[in-house]
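Subject: A structure to look through

Dear colleague,

I am handing over a structure that I would like you to read alongside the notes below. Please keep the sequence open while you go through them, and look up each residue as it is named.

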Amino acid sequence: MDKEVPDAIVMQTAVGLIEAHPDLPIYIEGELLLPEQRAALIHQAEALRQAKLRIKEDMTPEEFRRNAATLRECYEDLRRLHFSSARELGLLVQAHNAAVVEEGIRARFYLHQSLEDIDAIDTSATVARVRRRVEAPDARSFAPITVTADAQRRVFGERGKQNRRKQ
């Protein structure tokens with residue numbers, strides 16, 4: 001008949017057998033318990049016993065109050081430190097944000113100044129180009145005007161004839 005046994009009971013039984021009969025071969029689920037596993041089980045059992053002994057020791061009401069007061073002070077110190085750190089972090093973030101905004105404003109000012117300088121240079125280059133063309137036209141764009149009698153009549157009309165006769 002198969003019966004399932006909780007792991008805690010199996011371990012207690014194995015530890016009890018190891019402590020009572022150190023050289024007895026022990027099999028768990030058909031596997032031989034190795035010496036390293038025996039040592040680990042003994043070590044864990046001893047740590048568990050010590051923990052149980054500490055739990056069983058009663059605290060006096062005065063010790064309990066003293067420990068509770070110490071814990072309360074530690075909590076308050078930790079809370080104050082947390083709030084202080086959070087406040088300092090907030091101030092640091094605000095200072096960083098202000099620096100970023102100032103840098104953005106400065107960059108925008110320099111951008112506008114650069115664009116104005118580019119516009120001024122572009123305007124002065126255009127003025128210089130137009131001035132050169134007006135002052136000294138090149139030979140290719142200069143076409144001499146020839147005036148013929150026929151063209152004079154068309155341009156000046158009757159008045160032009162009268163003005164020519166007076167001369």
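The second largest pocket has a volume of about 220 Å³, where a pocket is an open set of points on a 1 Å grid over the protein atoms alone at which a 1.4 Å probe fits, with protein on both sides within 12 Å along at least five of seven lines. A volume here is the space filled by probe spheres set on the points, which are joined across faces, edges and corners. This is a predicted model, in which local features need pLDDT of at least 70 and side-chain atom pairs count only at pLDDT 80 or more, while totals for chains, interfaces and linings use all residues. Residues are numbered from 1 along each chain as its sequence is written, and side-chain values use heavy atoms, with hydrogens and water left out.

The lining of this second pocket (residues with an atom within 4 Å of a point) includes Ala-8, Met-11, Leu-41 and Lys-52. Helix H2 (35-56) and H1 each supply at least two of its residues, and H2 gives the most, with 6. By class, the lining holds 6 nonpolar, 2 polar and 2 charged residues, with Ala, Val, Leu, Ile, Met, Phe, Trp, Tyr, Cys and Pro counted as nonpolar, Asp, Glu, Lys and Arg as charged, and the others, Gly among them, as polar.

The largest pocket holds about 270 Å³ of space, and among the residues that line it are Val-5, Asp-7, Met-11, Tyr-27 and Glu-29. Helix H1 (7-20) and strand S1 (27-28) are the elements that give two or more residues to this lining, and H1 gives the most, with 6. The lining divides into 8 nonpolar, 1 polar and 2 charged residues.

The protein chain has 4 helices and 2 strands, which are DSSP runs numbered from the N terminus (helices H or I, at least four residues; strands E, at least two). From the N terminus on, these elements run α-β-β-α-α-α. Of the 167 residues in the chain, 6% are buried (under 20% relative accessible area with a 1.4 Å probe, protein chains only; exposed is over 50%, and partly exposed lies in between).

Leaving aside neighbours within four places in sequence, Leu-33 is in contact (heavy atoms within 4.5 Å) with Ile-18, Ile-26, Ile-28, Arg-38 and Leu-41.

Best wishes
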